[in-house]
Amino acid sequence: MTPSGYIISAIWRDSKYAFLADRRIQPGDRMFYRISGDTLRTVFQSGGGEILLDQVDVGPERRLSVLGGYFAPDSDFRDKLVRSLLRRDG
């Protein structure tokens, strides 16, 4: 990621998840990402099923912002991603 891309990503991340500053992440909360081309869709769902964030962003820096979830300790993102790559359809 370029230095300017990192700055853009950091600003975007801080404002996108600002609602969590007061609410905090709670047990059962889930985050979903869908990447298609240079488009990233992010959905944050509460443990009770309420959609708290549903946002679509376009740009190559947006796609790269999900990499932190790949390296995070105890993240199931990595396992699910690898399994999806190994799955054969048809």
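Strands β1 (residues 30-36) and β2 run antiparallel to each other and are joined by 7 bridges; strands here are DSSP E runs of at least two residues, numbered from the N terminus, and two of them count as paired if DSSP finds at least two bridges between them. Within this pair, R30 sits opposite Q45 of β2. The hairpin formed by β1 and β2 has 2 residues between the strands, and G37 adopts a positive phi near 60 degrees there. This is a predicted model, in which local features need pLDDT of at least 70 and side-chain atom pairs count only at pLDDT 80 or more, while totals for chains, interfaces and linings use all residues. Residues are numbered from 1 along each chain as its sequence is written, and side-chain values use heavy atoms, with hydrogens and water left out.

T42 counts as buried because its relative accessible area is 0%, the cut-off being under 20% with a 1.4 Å probe and protein chains only. Setting aside neighbours within four places in sequence, T42 is in contact (heavy atoms within 4.5 Å) with K16, Y17, M31, F32, Y33, L53, D54 and Q55.

How values were computed: Buried means under 20% relative accessible area, exposed over 50%, partly exposed in between (1.4 Å probe, protein chains only). Helices (H or I, at least four residues) and strands (E, at least two) are DSSP runs, numbered from the N terminus.
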